Number of protein chains: 2
Amino acid sequence: MNELAELHRRAREIADLNGIGGLLLWDQNTMMPPGGASARADQFEALERIQHSRLTDPQLGRILEELAPWAASEDPDSDDVRLIATLKRDHEKAVRVPTDLAAEMSSAAAHAQQAWLEARERSDFARFAPALERILELQQRYIACFDDTGEYAHPYDILLDDYEPGLTTAEIRDIFGVLQQELVPLVSAAAAAGEDGRLFPGQFPVERQKPFAEELLHALGYNAEHWRLDPSVHPFARSMAHTDVRLTTRWEPDDLSMAFYSCLHEFGHGLYEAQMSPSHYRTTLADAAGLGTHESQSRLWENLVGRGKPFCDWVLPVMQRHFGHPFDAWNAGELYRAVNQVRLSLIRIEADETTYNLHIALRFELELAMVEGRLSVADLPDAWDEATHRLLGLETPSIHEGVLQDIHWGAGMIGYFPTYTIGNLMAAQLWQGLRAELPDVDDAIAAGDFGPLREWLRDNIHRHGRKFDSRELLRRATGEDLQVEPFLVYLEDKLLDAGLLTAPVRVPRS
Amino acid sequence: MNELAELHRRAREIADLNGIGGLLLWDQNTMMPPGGASARADQFEALERIQHSRLTDPQLGRILEELAPWAASEDPDSDDVRLIATLKRDHEKAVRVPTDLAAEMSSAAAHAQQAWLEARERSDFARFAPALERILELQQRYIACFDDTGEYAHPYDILLDDYEPGLTTAEIRDIFGVLQQELVPLVSAAAAAGEDGRLFPGQFPVERQKPFAEELLHALGYNAEHWRLDPSVHPFARSMAHTDVRLTTRWEPDDLSMAFYSCLHEFGHGLYEAQMSPSHYRTTLADAAGLGTHESQSRLWENLVGRGKPFCDWVLPVMQRHFGHPFDAWNAGELYRAVNQVRLSLIRIEADETTYNLHIALRFELELAMVEGRLSVADLPDAWDEATHRLLGLETPSIHEGVLQDIHWGAGMIGYFPTYTIGNLMAAQLWQGLRAELPDVDDAIAAGDFGPLREWLRDNIHRHGRKFDSRELLRRATGEDLQVEPFLVYLEDKLLDAGLLTAPVRVPRS
């Protein structure tokens, strides 16, 4: 099996290059002096050319072909068979894209990311617009590479498939159809009972937030031997390997919830990376099943764990110890109610669980319109504000609370946002599944013991890496396909439980 | 000239990969969680394989050959002709080394660096010994690749040549011969007049050292748009491009001089990188002439500027403002005397200018003995302590003040140390040259205006990058070849001027 050894050698190099790319990206968003941005774009481009040439190497295609009969005779769930399948997919997609285009996309994204940062700092969309136009133009050229495959019903499907293999525009449209219909009445009923302003009233000096976040993260499973936490404009998680996991957060002295919930969220992403099977290290299986699955992990820790009653029971004394006021006058029920209140707000990453998917619906609508050529970059800010008014009933007072709030489009990521909603739905289903298998999980969480939860996630999701796609992983973990209903049931139940809804709003679906 | 365009394309990629390698190294020593070390070694190895394959590509050899007649007809000092010459050198050296060996050396160095950190933390040489043995074994295999060239009179020359092209063991032996003979009486005469203990008595909380270092660096020419400063165990400087320069330092609450002088030192390295000609960016000319030249820049800022009388005039009020005690009771003459005192000490990076080269002589002696097979790793700690006693007259109370103090051998850098002494000698000659051309430089420095100095260095050294080697650069800047005498004259003059020597000790050489 010389071919298999050669395939592993190639997979090793591809995986190492991915790790290096992770570092370039992490550094760009945390440490790099701003003046280094242009050189970083060049470095991304150089790396992308190499990565792309490795994936498109005809020799790789030949090895994969030679291994096909052997793979067909082996256990289809074995690591090597799945490695062959994922590399085949990557190879076949990559060969359609000229290396120059891949390199240009990488460089354009690095430039646009910097333009986004500057535009945001100056609240000036015009600084970002040309970079975004370039991104869109390159995305259209990318889409054109797949025109003749006959595999994609809609051009946007081609973009979706890079983030969540197999996900389609039609599915997303259906999901948002149901969600908008169900969430709008739920939001208006619950928001009426909610309160205004920040989740936690008061000032929280950064030097007191840091030890709090550290205690929180360590309790969840973070350890300094393999993880680190840094500030960034847009919180994110990135790993260079399962042994080197980097989280970022944003410290806001007047808004403790920013660091609090972004730490929980990014921890979920980081744990996924940290708990991938060491046996997949340096293979292309050491990656996420899809970004929907990745997001299910972050949202699970942020919301299903972090805004649950048992977690409130455990965390309130920790908050009281670190901050005193206002928490010393609260009980866990009040915390539970506060962190689940439904508030129509402008910023996606600050949105509550109930309104969150409306923010995604907005982004999906706008990026789809841009991909279909129905919306120009020049008209984007107005379209954003109009959609914000239509979906959330809010005015957008400033552009950095509007179209400049998210880094994604500037980072060349179009077709990414829907994976957030897929993640929310998956998280509710996984939560249902794990609670059935771990009847004592509430007690464990209330006691600050997150071990059983981590282990369930490791066994059912994390360790598999990219061996199975998101659909199959969900099926294996829960026996079910992706559904909207469990998420809606979970939401309404919690709002009722927390006293934020006085009576059921929804008519349950079958 | 398709070949020239193709050569530039290749040089661009090699330069971008160097920038990426710089980031991997910087991150490893500043940010990386310790548990990420093994994955980082894999990433270094993957990168080294690619870099090495780019340099050894037979196609590159053919292009260089095809360009040779054209290059011979052009201005030998033109950028393109020098680019061809440096790439030819790199290609010819690289093709002698198998890619597997280059990759192993890279990975072994990353592993050994981590072992060094751990050994140092635990004061346990045994944790480091196997990694160092592996480094030495690989260095021997590396040396063997050049055995049949007939270009190197001594195996150690092969290692030296990688750090300072053309430097030989014989030259270094001669230099240390003179230096030891001259410095030992100078040290014993001056050390008698010196004082014991830290350079600056007192405690200097890190949160007060940081703004001081920042003000200092900004005055010299550091700017946050393109530079950053972080803590590391072993201070160093690294750039990813001339627009992205990273310095590190070490904050010691009971030793202000550590951060003070390491910031000056690393600034000198950083400025060299920052002031390379933008027209060389993304070519292999955007690199140092040699590490001797690099070190001449750091030592020039640390010592010839930083321990000079005009600098003391300028910096004392800054120190008084940041720290008060003890500096509020000092005058500039006292500072000048304090920072030039000759103290026999164990740690190279804390050594004064006069004793410094004795530390290098010690390392040269030991690494040469290891390369020649006369000294084993097991015997190294004792040999270190014996040489410390012989050269410096000191006992070594702990291993991290002894053989574990420097990262170099653990980072696979053998043949590197002598470049420090070359740098010291070059710095004295450059200082002589620039003072002749800038008669007002003392006044400018005393007024905190470092612009004229930066510009002289830019024009004479920095902008050229790797266009000329260290010898030629020195000749172009000063009209002289490398000499020991100017350094010795400079040293003795300063010790006399500062009142640390009461009468001349040396008999001047011709």
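The side chains of A:Asp77 and A:Arg476 form a salt bridge, with N and O 2.7 Å apart; the term denotes a side-chain nitrogen of Lys or Arg within 4 Å of a carboxyl oxygen of Asp or Glu. Across the interface of domain 1 and domain 2 of chain A, the rule finds four salt bridges.

Please note that this is a predicted model, in which local features need pLDDT of at least 70 and side-chain atom pairs count only at pLDDT 80 or more, while totals for chains, interfaces and linings use all residues. Residues are numbered from 1 along each chain as its sequence is written, chains are lettered from A and ligands numbered from 1 in the order in which they are written, and side-chain values use heavy atoms, leaving out hydrogens and water.

Domain 1 brings 42 residues to the contact and domain 2 brings 41, where contact means heavy atoms within 4.5 Å.

Between them, the domains bury about 3700 Å², 63% of it on carbon and sulfur atoms. Buried area is the accessible area (1.4 Å probe) that two parts lose on being put together, summed over both.

Which helix gives the most to the side of domain 1 that touches domain 2? It is H1(A), with 13 residues; helices here are DSSP runs (H or I, at least four residues), numbered from the N terminus.

Terms used
Helices (H or I, at least four residues) and strands (E, at least two) are DSSP runs, numbered from the N terminus.
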